[in-house]
Amino acid sequence: MADESYPEGLLYHPEHDWAKVDGETATFGVTWYAQDQLGEVVFFDPPDVGSQVSAGAAYAEVESVKAVSDVFAPMSGEVTEVNEALKDTPEKINDDPYGEGWMVRVRLSDPSEADSLMDVNAYKESLGS
Amino acid sequence: MSRYTSATDADRREMLDAIGVGSVEELFRDIPEAVRQREPIALPDGMAEQDVYDHLRRLAARNRHADDEVTFAGGGMYDHYVPALIDSILQRSEFLTPYTPYQPEISQGGLQSMFEFQTAIAELTGLPVANASMYEGPSSVASAGYLAKLENGRHRVVVSRGVHPNSRETLSTYAVGWGTEVVEVPLDDRGATDLRALADAVDDDTSAVFLQQPNFLGTVEDLGPLAEAAKRTGALLVCSVDPLTLGILKPPGEFGVDVAVGEGQSLGNRLDFGGPSFGFFAAQERYIRRMPGRIAGETVDVDGKRGFVLTLQTREQHIRREKATSNICTAQALNALAGVIYLSWLGKRGIVELGELMLRRTAYAREALGAELVNPGPVVREFAIRLPDLDAVCERARAEGINPGHRLKYYYPEYADCLLVAITERRTRRDIDRLAAVVQSVREGVSV
Amino acid sequence: MRPQATGHGPQDVVTIFEKSREGRRAFVCPELDVPETPVAELLPEGLLRESPAELPEISEPEIVRHYNVLSKKNFDLDTGFYPLGSCTMKHNPKLNERVAALPGFSRLHPLQEPRWAQGALELMWRLQQQLSEVAGLPHVSLQPSAGSHGELAGLLLTRAYHEDRGESRHKVLTPDTAHGTNPATVTMAGFEVVKVGTAPDGGVDLDDLREKADGDTACLMLTNPNTLGLFDRNIEEIAQIVHDAGATLYYDGANLNAVMGVSRPGDMGFDIVHFNLHKTFTQPHGGGGPGAGPIAVSERIEPFLPRPQVVRRDQGSNGHSEPFFDLDFERPKSIGRLRGYQGNFGVFVRSYAYICSVGGDGLKDVSETAVLNANYLRARLAEDGIAEYLPIAFDRLCMHEFVLSGRGARDQLGIKTLDIAKRLLDHKVHPPTVYFPLLVDEALMIEPTETETKERLDGFADAIREILEEAKEDPEIARNAPYTTPVRRLDEALAAKRPVVRQATGHRPQATDR
């Protein structure tokens with residue numbers, strides 16, 4: 001399991017999801033806090049490539065032995081890629097939630113949605129409360 | 001204090017002191033007066049064990065059971081021979097009295113037998129994954145409909161009239177909750193599912209198609225063409241199968257069936273006036289996370305020892321709650337244990353031998369009775385005949401100590417003058433000849 | 001001193017398939033006394049099985065040994081204490097097995113004509129009367145196969161009731177303390193779950209209920225006492241609010257053991273009640289069933305009951321000279337069937353025998369003793385040395401069960417409820433229900449039942465105390481427990497990630513390396 005960390009340069013959603021924005025596209029995943037709450041991830045059910053995701057809405061589920069959690073999209077767009085490796089090694093979500101544990105890549109429909117997300121300091125503060 | 005509780009007066013005093021109240025009555029002070037029972041429960045007082053026994057024995061004596069008569073009754077539950085070792089194992093406290101195996105470290109006996117049961121069902125049905133049991137046949141059929149609905153969200157199911165009437169009705173009852181329309185497809189003039197009618201009924205909004213093998217009349221359905229027609233628009237194909245006939249019949253998995261379900265009573269379980277028995281649920285691999293019920297899975301412990309746990313619990317109600325794949329909690333573990341013991345007892349060769357025996361005796365019976373056949377095509381253990389003087393035949397048979405079979409009139413108006421006759425391995429040639437003699441005597445208008 | 005693992009030997013698990021040897025058999029086929037027609041003449045080729053199912057080839061002695069050895073790896077109720085909250089693990093009377101095995105019951109075909117099944121139908125009818133008395137509701141169906149099956153029946157009945165009145169309602173309310181089967185059933189019955197909050201005293205939050213119970217509410221599902229073991233003192237007002245909104249009130253009977261002879265759900269205002277015969281009425285659990293979940297309903301719900309109903313036709317009707325017990329299929333408004341035949345009749349026999357054995361007076365004694373035992377154990381676990389680590393979730397009188405929170409042990413001793421449960425296994429008792437209800441942090445739900453002696457309860461309290469004291473010295477002991485069971489903690493994540501749910505035929509699977 002990874003050590004607790006919340007990288008700079010990512011944007012954060014209150015439901016413990018992160019977004020890495022790169023112009024018109026973004027990569028999404030869940031934060032260290034989310035995977036810690038869940039425990040060892042055993043299954044990730046990704047959306048289909050080509051499907052639409054909406055900011056704030058659940059787009060997938062992640063399962064541990066004893067819990068199921070919704071995964072929320074920080075921003076809206078069309079899914080262009082899903083992390084196929086998670087099918088065989090879902091524990092990457094625990095071990096490397098910001099790197100190999102990435103979940104989907106999305107072509108953003110409204111990049112200005114980034115303004116409603118938190119930066120790392122605001123997110124860390126929200127955890128403290 | 002009864003024979004099952006042990007609180008003496010002394011115990012009570014000590015316990016009340018420790019709690020800090022003066023009387024047992026005080027423990028119920030949270031219950032408002034308005035809802036307190038003013039009168040005692042209006043039932044007789046408790047009885048001595050021997051009196052309870054005598055009372056139950058007298059009730060039991062007023063039933064005509066399968067040892068009191070030569071029975072040809074079938075219709076989904078059968079008088080098969082249940083070997084003695086099943087009771088001796090099932091009556092062990094360690095199988096009879098524990099709870100669902102939520103603490104796997106002390107439940108390896110139960111979990112391993114579930115794993116073995118799942119394996120046996122998977123082998124029989126030719127499908128890769130099976131769960132650890134359902135309640136019984138008809139509700140398993142309905143559960144398969146629920147899986148199909150979760151899978152494709154369509155609004156219609158198509159079901160052959162060859163499927164057991166109780167299964168069709170249960171499916172309809174459940175389907176009200178899903179807002180799903182249930183469409184029936186008739187049987188043809190040979191007592192098999194009408195292929196053309198099935199093909200016409202299946203459309204783009206069909207969620208699942210239901211068949212039964214053998215069907216309720218005992219017909220061995222021609223599953224190949226039926227399966228093709230059923231799956232044409234992407235609906236799930238569900239087949240309710242009889243597990244015992246799978247010794248000689250091609251299994252549903254080889255016909256591209258998506259889900260196989262059915263009634264397990266014929267596998268080592270008592271008749272018990274209809275229950276408890278068990279249902280089974282087997283499916284293609286891709287449905288494993290949508291399946292209802294408990295599933296035992298293999299793993300290792302911290303010392304690397306092989307062991308078993310309940311797995312994929314995130315499907316289930318205690319975790320996924322309103323999004324669960326079903327609401328099933330308590331199922332039929334003990335009856336499924338009887339099932340796997342029975343299948344082990346029959347064994348790889350035995351189930352084939354048994355199937356062939358029933359096949360041949362059934363063929364003999366069909367000929368011996370010399371009646372008009374409702375389903376002249378292939379049958380294994382059961383068939384339907386049309387008798388113009390059915391009432392007289394039944395009466396004469398009963399007088400001879402024979403239960404001639406199940407009259408189809410209630411469930412099949414189209415077969416109102418027909419009889420469903422089941423031939424298990426317990427029905428000998430002599431039994432069959434006796435029934436044939438009854439039919440013959442009525443036909444000839446003479447007494448036997 | 002750290003305990004050593006002492007697990008049973010032989011160490012390796014062997015499945016019955018792995019014991020198979022070609023040619024061995026237990027079954028001997030009866031002799032063929034009819035013509036030996038070739039199978040190919042009786043079944044078309046395309047429908048014949050080609051490759052046999054790989055069932056075991058094994059002799060009777062080895063089957064018996066196999067399952068006997070397996071059985072010894074199970075802990076069970078006949079062996080020890082089983083305080084599983086919400087499960088009512090009370091003694092299973094041995095008489096019940098004897099009467100259930102009577103051939104008049106066990107060898108009776110479900111389609112036997114009613115005139116030759118009078119004993120069975122009378123037993124069912126009498127059981128209906130008994131359950132009706134306990135519930136305080138006039139009409140009973142024995143058909144549902146388990147509690148959650150009864151819940152499904154209840155919601156389908158509710159739907160039928162509303163539609164019959166020309167109304168279409170979409171929501172069902174459940175408290176956030178509800179057992180998982182409740183919301184799961186709501187979805188299966190085609191309704192939407194709406195959660196109702198819990199008040200500080202552990203009962204339903206009345207304000208929240210008032211807000212949420214409206215014209216689109218079909219039903220409120222409750223159990224009373226609830227899963228916290230607390231009797232909701234506001235039950236009358238709850239019933240009023242629900243009925244004013246035009247909805248039905250459903251009683252989950254899992255906790256009925258607390259109130260028999262004391263308060264009837266019908267009098268509390270419930271319209272539909274389900275019973276768990278495998279809890280309150282001593283049907284053995286069988287490691288996960290069979291059970292039965294009959295329902296009792298009020299007059300207005302009666303027309304919709306499942307088909308068939310067991311009825312008594314009085315003498316003189318239908319040409320019978322005495323009362324005649326029958327299956328009534330003529331029920332035009334019935335929701336239909338929920339399963340085949342009449343229900344789990346073998347279970348009815350056992351529960352009927354139990355109720356006859358204890359009697360009406362005995363049932364009240366059952367509930368009183370169950371509540372006494374629970375409060376006593378609660379008091380023992382509220383002593384110093386335990387209470388600071390396992391504080392009670394709601395500090396008031398409990399009914400037949402109570403919930404402790406393991407947060408004290410977690411924060412002060414570094415052991416979780418899971419660890420306590422696993423260490424209890426070494427003390428040869430079954431742990432309580434853990435991590436339920438979800439409302440309580442590190443929950444331990446404890447239900448001793450009435451069939452336990454005071455000494456057993458003391459023994460359990462002592463075991464808890466010992467585990468906590470041990471953890472003060474060395475928390476690692478509990479964290480790595482159990483030590484004396486056939487296997488130790490199992491890798492559930494592996495089982496979920498790479499499910500192996502059947503034996504691969506032909507070879508033994510390898511133990512997977514982590």
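C:Cys87 counts as buried, because its relative accessibility is 6%, and buried here means under 20% relative accessible area, exposed over 50%, and partly exposed in between, with a 1.4 Å probe and protein chains only. C:Cys29, at 23% relative accessibility, is therefore partly exposed. The structure holds 0 disulfides over all chains, a disulfide being a pair of cysteine sulfur atoms within 2.5 Å. C:Cys87 is in no disulfide, and its nearest cysteine sulfur, that of B:Cys329, is 7.7 Å away.

A word on where these values come from. This is a predicted model, in which local features need pLDDT of at least 70 and side-chain atom pairs count only at pLDDT 80 or more, while totals for chains, interfaces and linings use all residues. Residues are numbered from 1 along each chain as its sequence is written, chains are lettered from A and ligands numbered from 1 in the order in which they are written, and side-chain values use heavy atoms, with hydrogens and water left out.

Next, chain C against chain B. Contact, meaning heavy atoms within 4.5 Å, links 216 residues of chain C with 190 residues of chain B. Together the two chains bury about 17,800 Å², 60% of it on carbon and sulfur atoms; buried area is the accessible area (1.4 Å probe) that two parts lose on being put together, summed over both. Within chain C, the residues that lose the most area to chain B are C:Arg49, C:Arg107 and C:Met188, together 5% of what that side buries.

How many salt bridges does the rule find across the interface of chain C and chain B? There are 19, where a salt bridge is a side-chain nitrogen of Lys or Arg within 4 Å of a carboxyl oxygen of Asp or Glu. One of them joins C:Lys422 and B:Glu105, at 3.0 Å, N to O. Helix α11 of chain C, residues 345–380, supplies the largest share of the side that touches chain B, 27 residues; helices here are DSSP runs (H or I, at least four residues), numbered from the N terminus.

Last, chain B against chain A. Here 6 residues of chain B are in contact with 10 residues of chain A. The pair buries about 650 Å², 44% of it on carbon and sulfur atoms. On the chain B side, B:Arg289, B:Thr314 and B:Arg320 lose the most area to chain A, together 64% of what that side buries. The count is 1 salt bridge, and A:Asp70 and B:Lys323 meet in a salt bridge at 3.6 Å, N to O.

Definitions and conventions: Helix = DSSP H or I, 4+ residues; strand = E, 2+ residues; numbered from the N terminus.
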